[in-house]
Amino acid sequence: MNFELSDEQQLLGDSLRKYLANDYSFDARAKIVASPTGWSEKVWASFAEMGLLGLPFAEEHGGFGGTAVDVMLVMEALGESLVVEPYLANVGIAGRLVDRAGSDAQQKQILPALVQGQKRLALAHTEAAARYELRHVGARARRAGDGWVLEGEKRAVLQAGAAETLIVSARTSGSDTDPSGISLFLVDRVARGVTVKEYRTIDELRAADVWLSDVAVGRDALLGGEGQALPVIEEIADYATALLCAEAVGAIRYANDTTLEYLKTRRQFGVPIGSFQALQHRMVEMVISYEQARSMACLACVKADTAGPAERQRVISAAKIKVADACRHVSQEAVQMHGGMGMTDELKVSHTFRRLTMIGQTFGDAEHHLERFAACEAAGG
Amino acid sequence: MDLNYSTEELAFRDDVRSWLRGNLPADLKQKVESYQELSKEDLLGWHRILAKKGWVAPDWPVEWGGTGWSVTERYIFEEECGYAATPSLVAFGLRMCAPVLLRFGTEAQKKRFLPRIYNGEDFWCQGYSEPGSGSDLASLKTKAVRQGDHYVVTGQKIWTTLAHHADWIFCLVRTDPTQAKRQDGISFLLIDMKTPGITVRPIILMDGGHETNEVFFDDVKVPAENLVHEEGRGWTVAKYLLGYERMGTGRIGASKRELARLKELAAHHTKNGHPLIEDARFRDRLTRVEVELMALEITNLRFLDQMRRSGKPPGADVSMLKIKGTEIQQAITELMMQAAGPLAQAYRPVDAMDFDHFTARLAPRYCNMRKATIYAGSNEIQRNIIAKATLGL
């Protein structure tokens, strides 16, 4: 057992942090957020150049064959700087799906372009009635000639606007909540019958609602086995959840650092407010939340690509429970201790608050994962 | 980064586990599992079994009987002991007096005391707190006046755990009341409990148990050779010790065992005809405690890893382990009592008559464990320490 990072991991983390410090200041980020697309092609190209986009993918596709722990270091740094570019959506989710479920031809067609920063994808899975239940898919795909025709509505599709291709889940058989019968399809975002309505999210990313109306796709659009997609969707959701936990750790670290700084510099009653024990003890609780969340994020990332499904689900739910609780605790306390300034759009802390709030409920809130953890326990014991 | 134990570490764990299975007396195990009070003989019995095996003081230097284990191996050993339900080794000699002697003691002091601590021949207790000096330890008043080749000690200590069993006590005493900085007038003395002038009076806690005492010193003559480090440098010694004291308060292995027991309990007791563990309100509380414990285990290992790599003694971060570890221990006792519901009412197990004694001990156990967030530096003091030392507030 050891927690040491390899020289390569250390180097990667350091160089990314240096890049973000120089090129992704809070002001620079604000300009990106306010731009029409809400993300920066220049930043994306730099990520490609640094090798970040290929980190977990095989060398034959131009990647580095990295583990979830490698990606964890990237996510922590992105979390600290509140990076809005669609890294998780591509490297953690859509690219990973292609990597795990795609045919050789699909991988060759998609992954090298993704790794080079020339192609982006987004997973369109969530539906209005599904909440966080991954098996709940109402969208339908019916056979038509050689291919399929898709019909349905997808909600809150993260980073759909930046994607050329959507990975759409739809039922090829069964009722809305059957575990089997879900299939994945590669769909051109501008294909006939696809309507994408993009909106800004509270944490300044982009999401979209997607309507599919008689969308015809070919035979080669099917990603993975027909009706067999749920296990791989679950696997990717867990992988992404582990990475999201790491992103939260970075954002929590920023929230704690900036709050501590504020406690030391903001003066009231003639003294720094950090001299008040009521605030000191609350600050300590925030630090403990950070350390505990960080431990669980490490555990989740270690297990995300090494453990079997039963252990993976149990550990990642445990991590998400802890991290969601920590996101809520730290973000609320950080704003509270900044007083009125914490409420303003001007300070990064309020943006960190918003991102942490969204991370808390992405891929299942604490309550959802409490249920899943209990189900794992019941199945295992 | 690799959070899995290596093949060697797994083999070590299996060795420890099978040795414990073969050598932990069944009656001791049963007593620990059901929260019974342990007698002096129980405590010493287990100490001597480990001493004979050579495992009683893993963290000591090898020349004094340490095992030479790595940080991880020591952690594995601790956890396996906790999980197997061994009695906790009394820390005052092995983990408090000994590290102090090893760091600050003379050769003569080491030779005189360390082997007897190792073999369980001397039972030690800790004379820190006083009626007027709890969290504010540096305000202590027990005075020691140098007269020729000895000190004369007068004053009172309180909350002295297991003083009624002890042969020796290590004490913080005030040797110089004139120092402007009160920390500077404090010294660290080793005192034989059989010395005339010492009186031990029991304090009965709210669970009815006798663990702790008042100790009175009335013109107690202590040879000057029992001074550790220099006169007036006792605070340095005390601070060194605090890190060690908090290191052992996480009790993760024991909490894991108790959590497993709690799950059994919650599967056994029913609510509206269903196992309590299926009740979402109860189950979610249980899960949150389990998750905190999983996180604490990793946090603990991360801190040990930092210690190993930096070669530095435990710092203020250890206070976090104390805070979280004790909160978890308390939460488990509370949930156990909740699981047993109306059956968890008995004051003393002997009152319980025919129904099972484990359940009968849950309410007293809950009461008793309120001590955990108070002792070894209350959790509020731990937060002060982190605020000052780690955060610079």
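Some ground rules. Residues are numbered from 1 along each chain as its sequence is written, and chains are lettered from A and ligands numbered from 1 in the order in which they are written. Because the model is predicted, local features need pLDDT of at least 70 and side-chain atom pairs count only at pLDDT 80 or more, while totals for chains, interfaces and linings use all residues; side-chain values use heavy atoms, with hydrogens and water left out.

Chain A, then. Its secondary structure comes to eleven helices and ten strands. Those are DSSP runs, numbered from the N terminus: H or I over at least four residues for helices, E over at least two for strands.

How does the radius of gyration of chain A agree with that of a compact globule? The rule is 2.2 Å times the number of residues to the power 0.38, and the radius is taken over C-alpha atoms. For 381 residues, a compact globule would come near 21 Å; chain A has 21 Å, so the two agree. Along its principal axes, the C-alpha trace of chain A spans about 80 × 50 × 40 Å.

Buried residues make up 60% of the 381 in chain A. Buried means under 20% relative accessible area, exposed means over 50%, and partly exposed is in between, with a 1.4 Å probe and protein chains only. Now contacts, meaning heavy atoms within 4.5 Å. Take those in chain A with a separation of 6 or more: 74% join residues 24 or more positions apart.

Next, one residue. A:E204 sits in the loop between β6 (194-200) and β7 (206-217) of chain A. Is A:E204 buried or exposed? A:E204 has a relative accessible area of 7%, so it counts as buried. What does its side chain touch by polar contact? One partner is the side chain of A:R29, at 3.1 Å. Another is the side chain of A:H351, at 2.8 Å. A polar contact is a pair of N or O atoms within 3.5 Å; within protein, one must be able to donate a hydrogen and the other to accept it, and residues adjacent in sequence count only if both atoms are side-chain atoms. Leave aside neighbours within four places in sequence, and A:E204 is in contact with A:R29, A:V33, A:V84, A:H351 and A:R354.

Now the backbone. Most residues other than glycine have a negative phi. A:E204 has a positive one, near 70 degrees. B:H229 is not a glycine either, and its phi is about 60 degrees. B:H229 lies in the loop between β8 (227-228) and α7 (234-247) of chain B. Its relative accessible area is 22%, so B:H229 is partly exposed.

Last, the cavities. How many reach 30 Å³ or more? Four, in a search of the whole structure. On a 1 Å grid over the protein atoms alone, a cavity is a set of points where a 1.4 Å probe fits but cannot get out; lining residues have an atom within 4 Å of a point. Points are joined across faces, edges and corners, and a volume is the space filled by probe spheres set on them.

The largest cavity has about 120 Å³. Its lining has 13 residues, with B:L44, B:H47, B:V90, B:D122 and B:F123 nearest the centre. α3(B) gives the most, with three residues.

The second largest cavity holds about 40 Å³. Its lining includes A:M1 and A:F3, along with B:V71 and B:R308. Here α9(B) gives the most, with four residues.

Key:
On a 1 Å grid over the protein atoms alone, a cavity is a set of points where a 1.4 Å probe fits but cannot get out, and a pocket is an open set with protein on both sides within 12 Å along at least five of seven lines; lining residues have an atom within 4 Å of a point.
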